[in-house]
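Subject: Structure handover

Hello,

Here is the structure I promised to pass on. Please open it first, then read my notes below.

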Amino acid sequence: MFRSASKRSIHSVYGGFKNQGAGAIQSLTNWKGCRGSTHTHYPILNNLKGFSSGGSQLISAIEHDINRILAVDWTTDFSGFWADQVATHQNAYTNLYEGGCGLFGSFVSLKDPPAEEKQHIKARLQYLQSALKWAEQCESNYTEIFDQRFKMQREVFAAPEREMILASCTELCEKFAADVPSEFRRKATKDLEWHLWNLRHWVWDAPRVKAAFPITMA
């Protein structure tokens, strides 16, 4: 006796699809609406006067990723994928405007790229690289807070020791907030402070931390 195929959804890095026998292959090849589609499909900007075709493609991809990286949570939702994505844009910029490298670069590089186009794309690429830098630092600080909370919940039960852990993580967040550029400060600190206050929940009382960090722990 043959059992009917399971109707449980199958999940992959490109999203989920229903297990429908032969129809599953069609679902895999249809990327529209899947997460993988957002990595390779983006709207082309229309208000680009004087831009070359390659420049229009590149600036559209960069602007799309700037919007996405500023929208994603820089703690739990941040992924190592972003470093590869930004490096791809940098390689494309090098190949288009700086001659590239090897045979491929000689084919795709622009002979006389418009100066304004090159400067504009370089500035937006640097902005994306800066956002990546601080997103990675934010994620690193979140990891430290997560590890300390994990340790506190399972190994540390004395109130003074828990307060010391909270103090070190609060100092970490305040130093980070002081270093972040103004254009990313609100985004980075709000994503991180949520987890700091989650850690604060596991400390019964923290009079010394409140006295040392009156603004953050008010």
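Some ground rules. This is a predicted model, in which local features need pLDDT of at least 70 and side-chain atom pairs count only at pLDDT 80 or more, while totals for chains, interfaces and linings use all residues. Residues are numbered from 1 along each chain as its sequence is written, and side-chain values use heavy atoms, with hydrogens and water left out.

**Overview**

The chain has 9 helices and 2 strands. Helices (H or I, at least four residues) and strands (E, at least two) are DSSP runs, numbered from the N terminus. The order from the N terminus is β-β-α-α-α-α-α-α-α-α-α. The chain holds 218 residues, and 35% of them count as buried. Buried means under 20% relative accessible area, exposed means over 50%, and partly exposed lies in between (1.4 Å probe, protein chains only). Now take contacts between residues at least 6 apart in sequence: 63% of them join residues at least 24 apart. Contact means heavy atoms within 4.5 Å.

**Helix 6 and helix 7**

Helix 6 covers residues 115-154 and helix 7 covers residues 159-179. Their axes come within 10 Å and cross at roughly 175°. Axes are lines fitted to C-alpha atoms, for helices over the stretch in contact, and angles run from 0 to 180 degrees between N-to-C directions. The two helices, helix 6 and helix 7, are therefore roughly antiparallel. That term applies to angles over 145 degrees; under 35 is roughly parallel, 65 to 115 roughly perpendicular, and the rest oblique.

Helix 6 brings residues including Trp134, Cys138, Gln148 and Met152 to this contact. Helix 7 answers with residues including Arg162, Ile165, Cys169 and Phe176. The residues of the contact divide into 9 nonpolar, 4 polar and 3 charged. Ala, Val, Leu, Ile, Met, Phe, Trp, Tyr, Cys and Pro count as nonpolar, Asp, Glu, Lys and Arg as charged, and the others, Gly among them, as polar.

Gln148 sits in helix 6. Gln148 counts as buried, at 18% relative accessibility. Leaving out residues up to four places away in sequence, Gln148 touches Ile165 and Cys169. Gln148 and Ser168 are 20 residues apart in sequence, and their C-alpha atoms are 9.6 Å apart.

**The two sides of helix 7**

Helix 7 has 21 residues. From first C-alpha to last it reaches 31 Å, close to the 30 Å expected at 1.5 Å a residue. Its buried residues are Arg162, Glu163, Ile165, Leu166, Cys169, Thr170, Cys173 and Phe176. Seen down the axis of helix 7, the buried residues fall within an arc of 155°, so they line one face of the helix. The arc is that of the directions from the helix axis to the C-beta atoms. On the other side of helix 7, Met164, Lys175, Ala178 and Asp179 are exposed.

What covers the buried residues of helix 7? The cover includes helix 6, helix 8 (182-200) and helix 9 (207-212).

Look at Glu163, which is in helix 7. Glu163 counts as buried, at 4% relative accessibility. Beyond its neighbours within four places in sequence, Glu163 is in contact with Val203, Asp205, Ala206, Pro207, Arg208 and Val209.

Trp74 lies in the loop between helix 3 and helix 4 (81-97). Trp74 is buried, with a relative accessible area of 0%. Neighbours within four places in sequence aside, its contacts include Trp134, Cys138, Phe184, Lys187, Ala188 and Asp191. Trp74 and Ala188 are 114 residues apart along the chain, yet their C-alpha atoms are separated by 6.9 Å.

**Val86**

Val86 is in helix 4. Val86 is buried, with a relative accessible area of 4%.

Best wishes

Key:
Expected span 1.5 Å × (residues − 1).
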